[in-house]
Amino acid sequence: METPLPLFSPLPTPDEMRLWDETASSAFGIPPLLLMENAGREAFLLLRRRYQLTEKTMALVLMGGGNNGGDGAVVARYLQDAGCQVLVWHTTPLGKLRGHVRQHVAMAQKAGVNFLPVGTRETMFLPHEWRY
């Protein structure tokens, strides 16, 4: 029987992931921006295979400020392009994001993805239309 999500066991550490990314860039010439795009696209394709994504699908993406945050912005953009209602909760102020993560957030925003900061009293709860 297939597991719900195919994952490494045990999961790679952040240092191992960083080394994989650096090796992909230095040894194979794959730019970090493209690595994030590929990771986010593959995560989206996994979601699309497992779930019926429609205009009624509400997708909440939790995004940090590191490179995985860039992957999350890509996933959000693909979900938006697929017609889903997407909200990204981010833990790092968008103005503090740098480099490739910032680029992917900008692309997602241009595609219409909504971003909402986490952790303030005003944004502690989901918007009314997202409540069940």
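Predicted model: local features only at pLDDT ≥ 70, side-chain atom pairs only at ≥ 80, totals over all residues.
Residues are numbered from 1 along each chain as its sequence is written, and side-chain values use heavy atoms, with hydrogens and water left out.

Back to that pair, then. Both residues lie in helix H1 (residues 14-28), 3 residues apart, about one turn of the helix; helices (H or I, at least four residues) and strands (E, at least two) are DSSP runs, numbered from the N terminus. Aspartate 15 counts as exposed because its relative accessibility is 56%, and arginine 18, at 43%, counts as partly exposed, given that buried means under 20% relative accessible area, exposed over 50%, and partly exposed in between (1.4 Å probe, protein chains only).

How many salt bridges does a search of the whole structure find? There are 3. Another joins the side chains of glutamate 37 and arginine 77, at 2.6 Å from N to O, and this pair links distant parts of the chain, with glutamate 37 in helix H2 and arginine 77 in helix H3, 40 residues apart. Both glutamate 37 and arginine 77 are buried. Arginine 41 also forms a salt bridge with glutamate 42, and here the closest N and O atoms are 3.4 Å apart; arginine 41 is partly exposed, with a relative accessible area of 26%, and glutamate 42 is partly exposed at 40%.

Now to the sheet. An open sheet is formed by 3 strands in the order S1-S2-S3, with parallel pairing, two strands being paired if DSSP finds at least two bridges between them. S1 and strand S3 (114-117) each have a single partner strand and stand at the edges, so one side of each is left without a neighbour in the sheet. S2 and S3 pair in the parallel sense over 4 bridges, and tryptophan 89 stands opposite leucine 116 in S3. Helix H3 packs on the sheet, where it touches S1 and S2, and its direction makes about 165° with that of S1; axes are lines fitted to C-alpha atoms, for helices over the stretch in contact, and angles run from 0 to 180 degrees between N-to-C directions.

Which residues does phenylalanine 115 contact, leaving aside its neighbours within four places in sequence? Phenylalanine 115 is in contact with Met63, Val88, His90, Leu94, Val105, Ala108 and Gln109, contact meaning heavy atoms within 4.5 Å.

Notes:
Salt bridge = Lys/Arg side-chain N within 4 Å of Asp/Glu carboxyl O.
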